[in-house]
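Hi,

Here is the structure I promised to pass on.

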Amino acid sequence: MAHENFTRVIEFILTGVSERPDLQIPLFFVFLVIYGLTVTGNLSIITLTSVDSRLQTPMYFFLRHLAIINLGNSTVIAPKMLINFLVKKHTTSFYECATQLGMFLVFIVAEIFILAVMAYDRYVAICNPLLYLAVVSRRVCFLLVSLTYLYSFSTAIVASSSVFSMSYCSSNVINHFYCDIVPLIALSCSDTSFPETVVFVSASTNLVFSIITVVASYFNIVLSILRIRSSEGRKRAFSTCTSHMTAVSVFYGTLLFMYLQPQTNHSMGADKMASVFYTLVIPMLNPMIYSLRNKDVKAALKRFLTNSCCSFKLI
């Protein structure tokens with residue numbers, strides 16, 4: 001009844017990573033470096049896996065899309081975050097906030113499923129090597145990636161529209177550095193049971209399905225590796241999936257820390273740090289994980305730099 005007397009919110013204020021004025025400039029440079037490394041690393045992976053003929057395999061096809069997703073996820077968050085370190089008023093319009101949340105959900109859901117697809121790819125490569133190119137054909141690769149993007153867009157539309165269908169009245173201060181679901185629901189002055197249910201069901205379904213796929217794939221991978229008689233063969237088989245295992249452990253470890261901690265220990269400070277990790281730090285680390293531990297990528301980078309230098313000298 002009293003909702004008509006409230007002023008409808010048309011913009012939000014983001015508190016940022018820290019509200020301390022003395023930390024704004026140092027944090028700006030820290031996150032500028034992180035974002036710069038993220039862009040450089042992921043663009044390098046995208047370029048190498050696109051132009052190098054020796055990296056035209058299903059594994060590198062999926063790695064290219066992981067790099068695209070990481071770059072997109074970081075770009076949705078970092079530019080606005082960096083600007084807010086330099087200005088006094090950290091405002092974002094209602095529709096800008098809705099767009100940011102929607103795009104963030106697209107990329108985070110896509111990352112959850114592309115990691116599961118990459119685990120399946122490693123499972124087929126190690127457990128059924130003779131059928132690998134038949135099972136994970138070019139058509140199947142495109143289908144898996146297309147379904148990943150289609151599902152992530154659908155999930156983002158449903159989740160973000162349910163969050164922004166709520167009424168926001170009076171209070172418009174989001175205790176976060178970007179428009180996220182939990183602080184937005186906390187601001188609503190209407191019934192939040194429906195969006196909370198939508199978000200919970202969606203998040204739990206996505207995580208459970210993805211984790212089951214990853215765990216089942218690596219369980220079978222480990223069994224297959226243990227059956228290999230030569231230690232050199234086991235080492236070679238294991239080396240093909242260590243990078244992905246590292247990336248998966250870091251990503252899911254952060255998400256599980258954030259969502260499975262007891263409610264009594266739950267704090268926005270911890271949420272912010274976890275969010276910094278999976279929106280900005282992990283997209284920066286993934287190219288390093290896949291390049292530093294991968295001889296093919298390092299060799300492709302060397303060939304690319306050599307060819308680029310030769311082309312430059314000819315000009």
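Below is what turned up, going helix by helix and then through the cysteines and the rings.

First, the ground rules. This is a predicted model, so local features need pLDDT of at least 70 and side-chain atom pairs count only at pLDDT 80 or more, while totals for chains, interfaces and linings use all residues. Residues are numbered from 1 along each chain as its sequence is written, and side-chain values use heavy atoms, with hydrogens and water left out.

On confidence: pLDDT is the predictor's confidence in each residue, from 0 to 100. The protein chain has a mean of 85, and 90% of its residues reach 70 or more. Residues 1–5 are a stretch to treat separately: pLDDT there is below 50, and beyond near neighbours in sequence the stretch has 1 contact in the model (contact means heavy atoms within 4.5 Å).

**Helices and the UniProt record**

Helices (H or I, at least four residues) and strands (E, at least two) are DSSP runs, numbered from the N terminus. The unreviewed UniProt entry lists "transmembrane region" for residues 27–49, 61–81, 101–120, 140–164, 207–226, 238–261 and 273–292. UniProt positions are in the numbering used here, feature names are shortened, and annotations may be inferred rather than shown by experiment. In the model, residues 101–120 are 100% helix and 0% strand, with end C-alpha atoms 29 Å apart. Residues 140–164 are also 100% helix and 0% strand, and their end C-alpha atoms lie 36 Å apart.

Helix α3 covers residues 94–127. The expected span of a helix is 1.5 Å times one less than its number of residues. For the 34 residues of α3 that gives 50 Å, and the end C-alpha atoms are 50 Å apart, which agrees. Of those 34 residues, 27 are buried (buried means under 20% relative accessible area, exposed over 50%, partly exposed in between, with a 1.4 Å probe and protein chains only).

Helix α5 has 27 residues and should span 39 Å, in agreement with the 39 Å between its end C-alpha atoms. Its buried residues include C141, Y149, S152 and F164. Among the elements that cover the buried residues of α5 are β1 (11–14), α2 (58–86), α3, α6 and α7.

- S210 lies in helix α7 (residues 193–227) and is buried at 0% relative accessible area. Leaving out residues up to four places away in sequence, S210 touches I112, A116 and Y252.
- F85 sits in helix α2 and is buried, at 6% relative accessibility. With the residues up to four places away in sequence left out, F85 touches V17, Q24, L27, F28 and F31. F85 and L27 are 58 residues apart in sequence, yet 7.5 Å apart in space, C-alpha to C-alpha.

**Cysteines**

How many disulfides does a search of the whole structure find? It finds 1, where a disulfide is a pair of cysteine sulfur atoms within 2.5 Å. The bond joins C97 to C179, with S to S at 2.0 Å. C97 lies in helix α3 and C179 in the loop between β3 (173–174) and α6 (181–187), so the pair ties together parts that are 82 residues apart in sequence. The torsion about the S-S bond is about -125°, so this disulfide is left-handed. C97 is buried at 0% relative accessibility, and C179 is buried at 0% too. C141, by contrast, is in no disulfide; the nearest cysteine sulfur, that of C127, is 17 Å away. C141 is buried, with a relative accessible area of 4%.

**Aromatic rings**

Rings of Phe, Tyr and Trp (its six-membered ring) pair if their centres lie within 6.5 Å; planes under 30 degrees apart count as stacked, over 60 as edge-to-face and the rest as tilted. That rule gives 17 aromatic pairs. In one of them, F113 and Y151 have ring centres 5.1 Å apart and planes at 70°, so the pair is edge-to-face. F113 lies in helix α3 and Y151 in helix α5 (residues 138–164), so the pair ties together parts 38 residues apart in sequence. F113 is buried at 14% relative accessibility, whereas Y151 is partly exposed at 34%.

Y120 and Y123 form a tilted pair, 6.2 Å centre to centre with 40° between the planes. They are 3 residues apart in helix α3, which means about one helical turn separates them. There is also a cluster made up of F12, F94, Y95, F164 and Y168.

Cheers
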